[in-house]
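The following note concerns the model shown below.

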Amino acid sequence: MKKNLAKILALVLSVLMMVSMLAACNGTQKPNEDPKKDPANQDQGYTGGDTLVAGYDYFSSKFSPFFATTAYDQDVAGIVSIGLLGTDREGNVVLKGIEGETIPYNGTDYKYTGIADCTITNNDDGTVVYEFKLREDIKFSDGDALTADDVIFSMYVLSDPTYDGSSTFYAQPIVGMEEYRSGMDALSNLLLADGPDKTSEFYTAEQAEYYWNAFEAAGLKFATGILDDIIEAYGADYGVSDHAGAAELWGYTDIATAADFWAAIKANYGYDISSTGIDYEAFNESIVDLINAELGDKANEYAAGVVTGESAANIAGIEKTGDYSLKITMSKFDAVSIYQLAVSVAPLHYYGSVDAYDYANNKFGFTKGDLSGVKAKTTQPLGAGPYKFKSFENGVITFVANENYFKGCPKITNLLFKETAATDKLAGVTSGAFDVTDPNFDTATVDSIKEANGGELIGNKITTNTVDNLGYGYLGINANNVKVGDDKTSEASKNLRKAFATLFAVYRDTAINSYYGDRAAVIQYPISNTSWAAPKPADEGYALAYSKDVDGNPIYTADMAEEAKYEAALQATIGFLKAAGYTWDEASSKFTAAPAGAKMTYEFIIPADGKGDHPNYAILTDAKAALETIGITLEINDPSDSNVLWDTLDAGECEMWSAAWGATVDPDMYQVYYSTNAVGLGGTNSNHYAIADDELDQLIMDARTSADRAYRKATYKSCLEIIMDWGVEIPSYQRQNALIFSTERVKISTLTPDITTFWGWMNDIEKLEMN
């Protein structure tokens, strides 16, 4: 079962689309083009079609820039909204949007423009000031001017003590943020914190009874929905037709009914309904949405803030400095904060109340603790983006071109986002139902595209555009469980892990090419190739992963054939194991004993659906066979239920495993590699490798607190080298995603060039034409 993979994917998509929201509202031109809008000239001479249809997964109708959560809903918010700052094709923030910045990519200079400039000042006392200057000619799609008040309103919504959307703007070290958010919480949060058996001065017994009745009714629907959805999605494949079997697939045993399942979920998470609590189990429906549905007309009452103590009247670090300027002061520098500051600017007059806004008197467009007015507009977004939201009917979202867009009115008048099943996306383009979509880029899809085009991925029927996925696949080793003696930091322990890593690494090329073909590439460092921090082949010191022996000598030569490489890697593995203290018998050419703390047999868990269906699976079968020749046993555990892996990882008991990381636009390594984030130490529990290295910890902190991109890249390179020296991670593959366009209907030459992970097809959409 793919429960955890689905949650990771959702998070990755959420983070990626946050970037998309920023970038989709940012313009790019060749260096000599005028970024000023000229609607009169924008459509001059255009004679192409007036409607473009994009095939999409199903929407959740949360189209607000504040509350959109799925990638698809965020695309809707993004196309009608505009970001305070934008990013370039590598995910770098563009700080000079007004006049624009010319930045090279792939041999071409591109000029990026936006609605604001940002100047960053690092003070001697450690505080950091971000000063924003807005363009003074930006209008929302309804004609109202975009000013600093709209930016401040947007930031206060994201900072409200009752804000429950996906943004973490409120978590940034903005001066005064903690003081502003203290002394108030949503009524529902107070109830959840207390549980159903407590009373409080902050709510009545009637309020508590009503809420907990709604909570339990929603919970039973939540549990029932998960089980029914499991049966529908996986029942045929796994022979499951009842709730007991579905619960077992989901990692829960001894479950007979949906009520049992709901009780088990509560036993696991208590009354935490966040995405790391009860909602972690969500298949389709969110527990939060179901509770609100049960609360009905009283949902706003329970979402409203309750005063529990003293709080500041404003956020001291958010200051208006003019009608078109403001500044943000943070108590310290954090490299990722600039991305959070690049908020989608929402119109105060639409989402809030002009009458409730008086900056000088600490009024910011809504009553603190009451976001009901903002939420009321969730299904009807409005902003300053290239298109205006018109309607969502019968599975089709209709947009019309925004004549007030600062880059100029889009040439294509109508834009439709049409819901479809993932399996129907490719057929939708070939049949003429869609002009653009993103199919699952598997072998069958590739073959079908080539068939339609007469043998190529780009042809007269379909144009395929591939981009690297924001993440990468890897093989992991837990240093606590694969070591010599009691010291996981010793050279002997590192040599033991590098023995396996070296052998795994040599079989990657064949395995990944066999599984993915041209749809993925082998990577040499444990970081996504999409990142600006990823080492490039031309960089000084770039090396193939685990390509040196125990003495530091190269294992391979440039002209080695594959079989020769395999034998060279096996000999290097033997060298590492000898150095780790394993006993080698010259007569049999095998190891006969392991040193104290180490083993002759290790288990590798790979979630390949019980049938070897995984890009890294062939690596393991080849490595297993090679290790057997030298007396070492690698047991491959391929469970049909992937929760076997996730549960073992979460318990810190896994020895070796295969998985994939989702990446973010900034390559901060704190969550995954910092020592205190190892499983069971009270941190993020994401450091499954159990790596604990003081030098690595210091480098991670140095990199995340520096604004110098060159310094950060060099520092992260040192981090990657330390990680690999520990022998705990073997980078494997960087797969690709695909967008397909109808060559017959879309004028491909007008599509934004050099699409990347951070620069999607909707950038420069005002220039896009139909045939």
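1. The lining of the largest cavity divides into 3 nonpolar, 3 polar and 2 charged residues. These residues are Thr162, Asn300, Ala303, Ala304, Asp370, Leu371, Ser372 and Lys375. The volume of the largest cavity is about 50 Å³. A cavity is a set of points on a 1 Å grid over the protein atoms alone where a 1.4 Å probe fits but cannot get out, and lining residues have an atom within 4 Å of a point.

2. This is a predicted model, in which local features need pLDDT of at least 70, side-chain atom pairs count only at pLDDT 80 or more, and totals for chains, interfaces and linings use all residues. Residues are numbered from 1 along each chain as its sequence is written, and side-chain values use heavy atoms, without hydrogens and water.

3. The protein chain averages a pLDDT (the predictor's confidence in each residue, from 0 to 100) of 92, and 94% of the residues score at least 70. Over residues 1-42, the pLDDT is below 50.

4. The structure holds 2 cavities of 30 Å³ or more.

5. An open sheet of 4 strands (E in DSSP, at least two residues) runs in the order E7-E8-E12-E11 with antiparallel pairing. Strands E7 (116-122) and E11 (318-322) stand at the edges with a single partner each, so one side of each lacks a neighbour in the sheet. Strands E8 (128-134) and E12 (325-330) pair over 6 bridges; pairing requires at least two bridges found by DSSP.

Definitions and conventions:
Contact means heavy atoms within 4.5 Å. On a 1 Å grid over the protein atoms alone, a cavity is a set of points where a 1.4 Å probe fits but cannot get out, and a pocket is an open set with protein on both sides within 12 Å along at least five of seven lines; lining residues have an atom within 4 Å of a point. Grid points are joined across faces, edges and corners, and a volume is the space filled by probe spheres set on the points. Ala, Val, Leu, Ile, Met, Phe, Trp, Tyr, Cys and Pro count as nonpolar, Asp, Glu, Lys and Arg as charged, and the others, Gly among them, as polar.
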